[in-house]
Structures are given as C-alpha cells and as structure tokens.
Amino acid sequence: MAIILVTGGAGFIGSHACLRLLETGNEIISLDSYVNSSKNVFKAINKICELKGINHELIKIYECDILDKKSVEDIFQNSINNNKEIQGVIHFAGLKSVKESEANPHKYWEVNFGGTLNLLKVMKNFNCRKLVFSSSATIYGETNKFPIAEDSQIKPINPYGKTKAAVEQLLLDIYNSEPNKWSITNLRYFNPVGSHHSGLIGEDPKGVPNNLFPIICKVANGEIEKLEIYGCDWPTIDGTGIRDYIHIEDLVEGHKKALELMFSEKKTSYRCINLGCGHGVSVLEMVKTFEKANNCRIKKVFEPRREGDVAKTYADISLAKKILGWKPKRSLYDVCKDGWKWAKTNPNGY
Ligand code: UFG
C-alpha cells in the first residue's frame, strides 16, 4: 500500500488506473486540468467503490495543470502537511492527438515535455523518485520486424510521438544523473480500448473521435452513420490495418504491477516495457467481433488510406511477462462487450 500521485487521473487510462489502485489498497492523489476530461468520472469511481465496499475517501482530487509548477508543488506540500507524503507518481497527464500535434506542435512540446519537466523538478525537490511514465508505441519507427520489441528502433514520425520519445530520453538522463535514487518505468502502450466491466467508467473523447473503437461505438448507437475503413489494400490478411488492441483493465493492471515491482525491489531501475495484447487484429476482425459480442450490425464503407497510417503494428510482450509477471487476461470479445456497455449507457460521456 502506497500513496500515489496520478497525473491525468480523470482521463481514460488515468481513471481506470485510479480505480485499480484503490481496489488494491493504495491511496490516490489525482491531479487533472480537466481540459480533456470530466470531474464527474470521480462520481462514477465512487459508485463502483461503494458497490465493491472500497473506501473511496482514499482518493483526493486536485484541479491542476502540470504547467503550473507552483500548484504541483502545493500538492506535494499539502500531502506532507496531511501526513500523506507522495511516495510514487504515475504520469498520464498530456495531450494525445496525433493530428492536433501536427497542427500545433508548440502546444504538444509545451504540455507533454514542459509539463513533465515541471513534474520532475518538483519530484526531485520533494525527494519523490519513483515514476511510471505513460509512453506510447508511436515512438517506434516503421519496421518489418514483428512483433515489435522494446529494442526496436525509436523513430517517431509525428510531433506527438516525438514528445513521448523525448520524455523517455529526459527520464534516462535523469536516472543516469542519480542512478541510486530514481526508479523509472516507461510503459509503451499499443492501442488501449474497451472500458471497465461495470460500464460505469470508460473513454469519453471530446469532440469527434479519431480512433477506431469509439467510432464503432458511435456507429452502433446511430450517432455516426457508418464506419469509414481507411484502406482495403494494405498488405494484411484482409487488406485492412492491423493493430494491437489492449483492454483498458489489462493495461492498468500493468501499471499496478510496475509500481509494485518498484516498491518491492531494493535496487533502483530504469525500464521500458511494452503493454499490448501481443497479437494483431484487423479493422474487419474488430468490426466482426463487435457485431458478434453485441448482436448488432456496423454499417461500413471502404475509403482511401489515412495519411500517416501503417499496415500493421503489434507488440512483443515477453518483457512485460518476464519482468512484471503480467499478461493480458481479457479477449477482444471482452473489449467489445465492456466498451459497448459503457458507450451505450453513456452516449454523451460523463
Ligand atoms: N481506422 C479506420 N477508420 C476509422 C479510424 C481508424 O479504418 O475511422 C483504422 C486505422 O486506419 C487503423 C486502425 O483503425 O488501421 C486503428 O486506428 P486508431 O486511430 O484507432 O489507432 P492508431 O493505431 O492509428 O493510433 C493509436 C492512437 C495514437 C497512438 C497509437 C499508438 O490514436 O495516439 O495508437 O501506436 F499513438
């Protein structure tokens, strides 16, 4: 049991992580600016906690932007004043749209890199040196070698991916500057999807979603007329793009394990670990599984390839299995069932 600061605690991954950490006896301090999320997520988390008999008072929430260093310092200081010194951090807060990052790189470098730099300075000042960083598979360059292992070339092609790769580099430099003090794990996500099995919390994209799974949900509830499939001529089994979709509950379990490892080992560490399901799924396979799991039809049409897309990507997850003792437990069918449970009952999000 530890006291963990979760930055971006109200976001899609952050909220599921907060819940999982509460379930496993940790105390949580959530920091979020709510720029891309809603405070209402905590009402839903409280409800799940009540249903499960978990003490939801073990979560404290702060509205705070990581760019505001003074406010981040205040959170660390308050936690000391309350005898609840922050022992570790999971850092999710950041911007995540590839498209927006291309149009507005300043903003992405400022928030994703500058925000992380602020956080790291404050952590150092408060002698808090255990960090799990929310990295991304986008940092890998194009490759012909599958599955993609952690030692694959790092060569991001968009500003979003570049900010994630740069933060990893910064974290390595920081670790190397005081290798006996810092423990840092970069978790590189493939495609997180689905929602908590209760259907009470889930992904709540602001505006029109760009990602496949939330779009399929919006087609299922009639909000979007049909799914536009970007390309039918990729060199894949059925011509559509292949990705590695990981159930959000499996993903956050990986964070829990990474933290537990840091707190249990005597030595410090710097690690980069992939989190994915470990195999590829095509767009058509995803659609078929969704239809079967939820007994519905998804109207679809083939469109030209989307700029910036690759034919396929999927993870080598052997390192996560070996080091964290983690492996995904939920299937694509579970992703589709759980994700739709949330989307159908919360068509307007929180
Ligand atoms: N796709 C469609 N139609 C759509 C949306 C997506 O056919 O309307 C296809 C894409 O072409 C791709 C697959 O569905 O083949 C998955 O696309 P997503 O947009 O859901 O996911 P991406 O793999 O393109 O990107 C995601 C996140 C990034 C993250 C990356 C990690 O959006 O932020 O995974 O590798 F960086």
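The chain contains 11 helices and 13 strands, where helices (H or I, at least four residues) and strands (E, at least two) are DSSP runs numbered from the N terminus. Its radius of gyration, taken over C-alpha atoms, is 20 Å, close to the 20 Å that the globule rule gives for 350 residues, so the chain is as compact as a globular protein of that length; the rule is 2.2 Å times the number of residues to the power 0.38. The model is predicted: local features need pLDDT of at least 70, side-chain atom pairs count only at pLDDT 80 or more, and totals for chains, interfaces and linings use all residues. Residues are numbered from 1 along each chain as its sequence is written, and side-chain values use heavy atoms, with hydrogens and water left out.

Along the principal axes, the C-alpha atoms fill a box of roughly 55 × 45 × 40 Å. Of the 350 residues, 55% count as buried, that is, under 20% relative accessible area with a 1.4 Å probe, protein chains only. Among contacts (heavy atoms within 4.5 Å) with a separation of 6 or more, 81% come from residues 24 or more positions apart.

Helix α7 (residues 212-220) packs against helix α11 (residues 332-345) at an angle of about 60°, and their axes lie 10 Å apart. Axes are lines fitted to C-alpha atoms over the stretch in contact, and angles run from 0 to 180 degrees between N-to-C directions. The angle makes α7 oblique to α11, a class for angles that are not under 35 degrees (roughly parallel), over 145 (roughly antiparallel) or 65 to 115 (roughly perpendicular). F213, C217 and A220 in α7 meet V335, C336, G339, W340 and A343 in α11.

Definitions and conventions:
Buried means under 20% relative accessible area, exposed over 50%, partly exposed in between (1.4 Å probe, protein chains only).
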